[in-house]
Structures are given as structure tokens and as C-alpha cells.
Amino acid sequence: MKGARQQHRHQPFHSILAALSVDLLIQILERVDDPRDRKAWRLVCRDFLRAEALHRRALRVLRLEALPGLLRRYAACLDLLDLSACPGLGDHALATALFAGAGSWLLKSVSLSRASGVGWRGLAALAAACPRLESVDLSHCVGVGDREAAALAAAEGLRMLRLDKCLRVTDVGLAKLAVGCPALENLRIKWCLEISDIGIELLAKKCRDLRVLDISYLKITNSSVKSISSLGKLEVLSMVGCSNIDDEGLQFLNNGSNSLRSIDVSRCDNVTASGLTSVIEGHMCLQKLNVGDCFPELAPLFLSKLNGLKDSLTVLILDGFQVSASSLKIIGVNCKNLSEIGLSKCKWVTDEGISELVAGCVNLMSIDLTCCRMLTDKALMAIGEQNKKLVCLRLESCSLMTDKGLEHIGTGCPNLEEIDLTDCPITDTAMKYLSRCSELMILKLGLCDKISSEGLVHIASNCQNLCELDLYRCIEVTDDGLAAIATGCSKLQKLNLCYCTQITDQGMKHLSCLEDLRDLELRGLHHVTSLGVTSIAIGCRRLTELDLKRCNLVDNVGLCALAQYTGNLRQINISYCPVSSMGLCKLLGTLKCLQDVKLVHLTHVPVERLELALRAYGGQLKKLKLFIGLRDLLSPWLIQMLQARRCRIRWVDKPLVFSP
């Protein structure tokens with residue numbers, strides 16, 4: 001009888017589900033935005049799980065052991081697969097996982113960024129299994145070289161490829177790609193230092209459809225620029241730090257056939273105003289121009305040529321220049337459509353100049369005034385009155401600005417999403433004004449030692465979208481301030497509390513309710529113990545980065561809690577902490593996702609125990625920081641093993657100084 005009642009109770013629910021087709025379920029799912037709600041959705045029943053699998057187009061894998069099962073479930077529908085956060089991924093694991101969905105792959109985009117274990121065999125399997133592949137990201141895979149490039153060249157439909165910092169790729173590898181993938185439209189080879197003019201020349205001949213090209217920091221010459229100038233479809237060119245390129249090279253762009261929309265020649269030491277003028281003359285539809293840190297002063301000829309871009313130019317970056325008020329006035333007159341201006345570390349920038357600039361450029365959405373130390377509240381007043389669409393404002397080290405100036409920002413810029421006030425002499429009153437900006441997402445207050453918990457209460461009252469908060473050395477902040485932030489800013493993902501010395505375990509308890517917290521810096525918090533770290537570990541399960549350096553009350557208990565609850569942790573710093581070999585072995589033996597570990601001056605861990613912990617680690621360490629005194633004490637075999645696994649060891653020579 002009891003079983004019959006239970007069957008009758010569940011029958012209406014199942015009958016409703018039976019009436020919902022897969023298409024209808026997918027339409028419902030499309031209206032579910034929160035990732036946590038989507039996760040709950042697929043746990044309802046098998047029909048919901050099937051609908052979610054058919055609807056999903058992108059997948060980011062965090063654990064290697066889950067990869068085969070996930071790919072079997074989603075293989076038929078995925079467009080984008082992100083394996084950049086999958087620790088320990090190698091050729092065998094990648095090939096095996098791809099085989100799980102053999103014959104059904106519709107994948108167009110794969111990210112293997114920082115997947116240092118993937119080599120030519122894995123890439124060959126990828127190219128063979130995914131005939132529709134259009135985009136691959138191999139950035140920061142420092143072991144990728146010519147053989148890997150040749151394997152990837154089999155993906156003849158490839159249109160976008162990122163090889164940033166693939167240090168072993170040479171002209172030979174680039175030639176293989178150019179011949180095998182002639183449809184390339186977007187190529188980024190920043191920091192590929194073995195590529196020369198020869199490779200760029202062949203690339204320009206074979207890949208005629210290139211629209212985006214990043215060759216930053218390559219040791220190329222003007223000859224490469226000449227080759228690039230023949231690319232008729234090229235729209236975006238980045239040549240940051242190409243010190244061998246000068247005005248003669250830029251002249252080739254003036255005479256070339258391409259239609260550039262964006263060019264970045266920042267930090268090109270041999271480029272002058274004359275070369276930039278020729279670029280502008282040859283491309284009167286430029287939308288983005290970055291010339292930061294090229295030469296000291298803006299030349300009148302260059303400024304006058306900006307008039308030719310008055311209808312198109314939207315982004316102008318002039319970092320590091322000497323910029324007078326008259327120069328900013330000319331920019332304001334000639335570039336009325338600017339949406340972004342970069343004046344970071346520019347000399348001679350005054351209130352008068354900013355007033356002239358914003359009076360003409362009323363559509364500015366991003367303004368960078370970092371280290372413009374002559375500016376006062378008058379500049380902020382002008383910005384607040386003129387730039388109603390402002391979204392991003394950077395004011396780091398603008399030491400003459402006060403609360404009064406930020407009142408105009410809070411009143412006049414309601415759409416503000418990001419503001420950097422690092423090292424500015426502001427107080428809690430400024431936070432009261434900024435709390436009017438309800439769209440605020442990023443707030444940086446490092447070194448603002450007059451900000452207290454009262455200011456954080458103001459922010460928490462109306463800035464529910466805050467996702468990043470920097471309170472570095474805000475020494476007046478207490479646990480009460482963290483309580484307000486935890487309650488009012490539940491979307492917080494990144495928090496810096498380094499050297500906020502009044503914070504205690506109670507503050508950690510408040511923060512433990514932030515389920516989305518991913519990056520937490522607690523360096524130098526002498527009142528936080530393992531109890532506080534345990535609260536964080538239990539409550540913040542999505543934590544991926546944690547800094548506990550010089551937290552001298554955090555011991556093995558805290559590390560064991562992290563080992564038990566924070567399975568997604570990828571980066572940790574426990575330097576100077578009083579942990580023993582037991583806690584370290586527990587941490588490294590359990591957390592298989594760790595990729596970046598800092599272990600400087602662990603005085604309670606004997607050398608032989610440290611070596612044992614490092615040998616036993618079963619994950620894929622990419623970065624390891626140790627005291628230089630250990631270099632001769634650790635066995636050569638261990639060091640060779642770590643390096644063979646492509647782990648970069650950084651030896652630091654810092655004396656052991658005990659904090660008060």
C-alpha cells in the first residue's frame with residue numbers, strides 16, 4: 001500500500017516530463033543563465049541530462065580522469081573544447097579521449113594553452129579526429145616545436161592558430177603550417193624567437209587570407225614588414241617590441257596593399273614619429289593605434305595627421321610619452337570618436353590637458369591615467385561632467401586626487417565597471433561616492449591605508465556585481481568589512497587581502513560563503529590560523545589560487561583541509577609557513593591539479609622529506625619556487641626529473657627573515 005502511494009505521488013511529475021519533447025527542454029534550458037542552475041538541471045533526470053548534452057556547445061575540462069566520459073557524452077554537439085586547465089594532459093590521454101568520440105566530432109575550436117605535455121602525437125591525433133577543426137590555441141606550450149607544427153599542418157581547414165611562446169618553433173615549422181594551412185586568417189606567434197625573416201616571407205606568400213597577425217618580440221627586420229605589406233586582407237598587425245624594425249620598415253606598410261584597422265608598434269625602440277606618420281597616411285581607416293613607449297615626445301606632424309583618422313580612430317595608446325596640454329587639445333579636436341585613450345606614465349599631463357581632451361572626446365569609455373602625478377580633482381571633475389559612458393578608469397599613483405574628485409565620478413559615470421585607485425590618498429568617503437556606480441565589477445584599492453571597513457560597507461550596499469577586489473595593505477580593514485563584502489558582493493571571484501593585518505579567522509569564516517571565489521591572497525596575515533584556512537577550504541570549493549606566504553599560524557591542519565576540500569587548486573604559496581613534512585606530503589600527494597607551487601624557506605621540512613614529497617607528486621608541476629640553498633642539497637636526479645617533465649624551477653636567493 002505504501003509503495004502504491006509513492007507511485008501515485010510521483011506519477012504526475014513523470015507524466016509532465018513525458019509530455020516535454022527534447023526540443024522544448026532545450027528551449028527551456030536556453031533561458032537558464034546561472035552555471036550552477038544548469039548543473040542542477042542535468043541532475044533532474046535522464047531526459048534533462050540528454051537535453052543538456054544536445055544543447056551544450058562548449059566544454060572546459062578541469063580533471064583528466066573525467067575527460068573520456070565527458071567527451072563520450074558531448075562528442076556529437078561540441079564546437080569548442082577547452083583543455084587548458086586539464087593538468088597532466090599528454091599525448092596518450094588526448095588521443096584516447098579523442099578516440100572516445102571517433103566518427104562524430106564536430107569540433108571547430110580546441111584550446112591546449114599551457115598543456116606542456118602534449119606533443120606531436122597528440123596533435124596528429126587531434127588533426128585526424130577533427131576534420132572540421134578551425135581554431136587551435138597552443139600558447140605557452142614551451143615544448144612545442146617544428147615537429148608539433150608539422151603534425152598540426154594536417155588540419156588544412158585551420159583558420160586561427162595561437163603559438164605564443166612556443167619557443168622551439170622555427171622557420172621550418174612555420175613553413176609546414178603555411179603550406180598545410182593556406183586558409184589561416186588569424187596567426188599569433190608572439191615570442192617565437194627562432195622565427196626569422198625567411199619564415200615570415202614564406203608565410204606571406206602562402207597564407208594570403210591572413211587578417212590578424214601577431215609577431216611581437218620576434219627578431220625580424222624591415223624585410224619581414226615588406227613581406228607583410230603584400231597581405232591584402234590584413235586588418236590587425238601587432239609588432240610589440242620588434243626592436244629591429246624602424247621607420248623604413250613602416251614605410252613599406254604605407255606603400256602596401258593591405259587595409260589595416262589596428263596596428264601596435266609599442267616598445268619598438270627604433271620607430272619615430274616619421275614612421276608612424278607614414279603608416280597613418282597609408283591607412284586612413286585605422287581604428288586602433290598603439291604607439292606606447294616608442295619615442296619620448298609627440299611630434300606636431302604626427303598629431304596633425306590624426307585629423308585624417310577623425311572618423312575612424314577609436315583607440316589611441318600613448319603610454320610613456322611626454323604629452324602637453326596642447327597635444328591633448330589637438331587629439332580632442334581631431335579624434336572625436338575615441339572610446340579608449342591610454343596615457344599611462346605620460347609626463348606633463350595636466351588638468352588643463354585632460355579637460356581639453358574630454359571636452360572633445362565625449363564618447364570615451366576607457367581612460368588610463370596611471371602615474372600621471374600632476375593631475376588633481378579638477379581632471380576628475382572634467383571626466384565626470386563629459387564622459388557619461390565611462391566604463392574603465394585607471395588612476396594608480398595619482399597622488400593629488402582626493403575624495404572630492406571621486407564624487408564627480410560617482411555622480412557622472414553611472415556605468416563605471418572598473419576603477420584602479422591603487423596608492424591614491426582617498427578615504428571611506430570616496431567609497432560612499434563610488435557606491436553609486438552599481439555596475440562596478442573591479443575595484444583596486446591597494447596601498448590605500450585610509451580605507452576601512454566603513455568604506456567596504458558602502459561598496460557592499462550597492463555593488464552586487466563586484467567580482468574583483470584588491471585591498472593590498474589596507475591596514476584599517478577588519479573582519480566587519482569582510483562580512484559586509486561577503487553579504488553584498490556574492491559574485492566575488494578574486495580578492496587580495498595581503499598584509500591586511502587586522503583580519504582574523506572570523507573574517508575567513510565570513511568569506512567562506514563566497515562560492516565563486518577562485519583567487520585569494522592572504523599573504524602576511526598573522527592572525528589567520530589553520531582554522532580560518534579550513535573555513536575557506538570547506539566553503540570555497542572553486543578556489544584555484546591561494547597565497548598563504550608568511551601566514552605564520554597556518555600549519556599542517558590547514559594544509560590537510562586544503563588537501564581534502566580544494567581539489568581544483570592550481571597555484572599555492574606556502575613559503576615561510578610553519579608546516580612540516582607530513583602536511584606538505586598530504587598536500588602534494590592529494591591535489592593532482594597543482595601546477596604552480598612556491599615552497600621557499602619551509603624550515604620545518606627536512607631536505608630529504610621535501611625531496612620525497614616532490615618525487616611522490618603525481619600531477620604535472622609547471623612552476624616550482626625553492627630557496628637557492630637547496631640546489632646543491634636536492635639530488636640531481638630529482639631536478640632532472642622535474643625538468644624533463646617541463647617544470648620550470650625558480651631558485652630565489654632570499655634570506656630567512658622572521659616577521660614580527
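Predicted model: local features only at pLDDT ≥ 70, side-chain atom pairs only at ≥ 80, totals over all residues.
Trainee: How many salt bridges does the structure hold?
Mentor: Side chains of opposite charge can pair when their charged atoms come close. The cut-off for a salt bridge here is a nitrogen to oxygen distance within 4 Å. The count for the structure is 14.

Trainee: Which residue meets Arg-60 in a salt bridge?
Mentor: Start with Arg-60, which sits in strand 1 (residues 58-60). Its partner lies in strand 2 (residues 80-82), 22 residues apart, and the pair links distant parts of the chain. The N to O distance is 3.4 Å. The partner is Asp-82.

Trainee: Is Asp-82 buried or exposed?
Mentor: Buried means under 20% relative accessible area. Asp-82 has 14% relative accessibility, so this residue counts as buried.

Trainee: How far apart are the closest N and O atoms of Asp-164 and Arg-162?
Mentor: These two side chains form a salt bridge. Asp-164 is buried, with a relative accessible area of 6%. Arg-162 is partly exposed, at 28%. The closest N and O atoms are apart by 2.6 Å.

Trainee: Where is Asp-516, the salt-bridge partner of Arg-542?
Mentor: The side chains of Arg-542 and Asp-516 meet at 3.0 Å, N to O. The pair links distant parts of the chain, 26 residues apart. Arg-542 is in the loop between helix 23 (530-539) and strand 20 (545-547). Asp-516 is in the loop between helix 22 and strand 19 (519-521).

Trainee: Which side chain of opposite charge is nearest to Asp-479?
Mentor: Asp-479 is found in helix 21 (residues 479-488). Asp-479 is buried, yet has no salt bridge. A salt bridge needs a distance within 4 Å, and the nearest side chain of opposite charge is 11 Å away. That side chain belongs to Lys-509.

Trainee: Which side chain does join Asp-479 in a polar contact?
Mentor: Asp-479 has no salt bridge. A polar contact of 2.4 Å does join its side chain to another.

Trainee: Where is Tyr-499, and is it buried or exposed?
Mentor: Tyr-499 has a phi near 60°, a positive value in a residue other than glycine. Its place is in the loop between strand 18 (494-496) and helix 22 (505-511). At 19% relative accessibility, under the 20% cut-off, Tyr-499 counts as buried.

Trainee: What is the phi of His-601?
Mentor: His-601 is found in the loop between strand 22 (596-598) and helix 26 (607-616). At 12% relative accessibility, His-601 counts as buried. Its phi is positive although His-601 is not a glycine. The value is about 55°.

Trainee: Is Asp-653 buried or exposed?
Mentor: Asp-653 lies in the segment after strand 24 (648-652). Its relative accessible area is 61%, and the cut-off is over 50%, so Asp-653 is exposed.

Trainee: How many residues line the second largest pocket?
Mentor: About 270 Å³ of space lies in this pocket. Strands 7, 8, 9, 10 and 11 each supply at least two residues of the lining. Ser-262, Ile-263, Asp-264, Lys-288 and Asn-290 lie nearest its centre. The lining divides into 7 nonpolar, 3 polar and 5 charged. The number of lining residues is 15.

Trainee: How much space lies in the largest cavity?
Mentor: A search of the whole structure finds 2 cavities of 30 Å³ or more. The largest is lined by 13 residues, with Cys-86, Gly-88, Arg-114, Ala-115 and Lys-622 nearest its centre. Its lining divides into 5 nonpolar, 6 polar and 2 charged. The space is about 60 Å³.

Trainee: Which residues line the second largest cavity?
Mentor: About 40 Å³ of space lies in this cavity. Its lining divides into 4 nonpolar, 1 polar and 1 charged. The residues are Tyr-617, Gly-619, Leu-621, Leu-642, Arg-645 and Cys-647.

Notes
Residues numbered from 1 in each chain as written. Heavy atoms only, no water. 1 Å grid on protein atoms, 1.4 Å probe; cavity = no way out; pocket = protein on both sides within 12 Å on 5 of 7 lines; lining within 4 Å. Points joined across faces, edges and corners; volume = space filled by probe spheres on them. Helix = DSSP H or I, 4+ residues; strand = E, 2+ residues; numbered from the N terminus. Nonpolar A, V, L, I, M, F, W, Y, C, P; charged D, E, K, R; others polar. Buried < 20%, exposed > 50% of the residue type's maximum accessible area, 1.4 Å probe, protein only. Lys, Arg positive; Asp, Glu negative; His and termini not counted. Polar contact = N/O pair within 3.5 Å; in protein donor to acceptor, adjacent residues only side chain to side chain.
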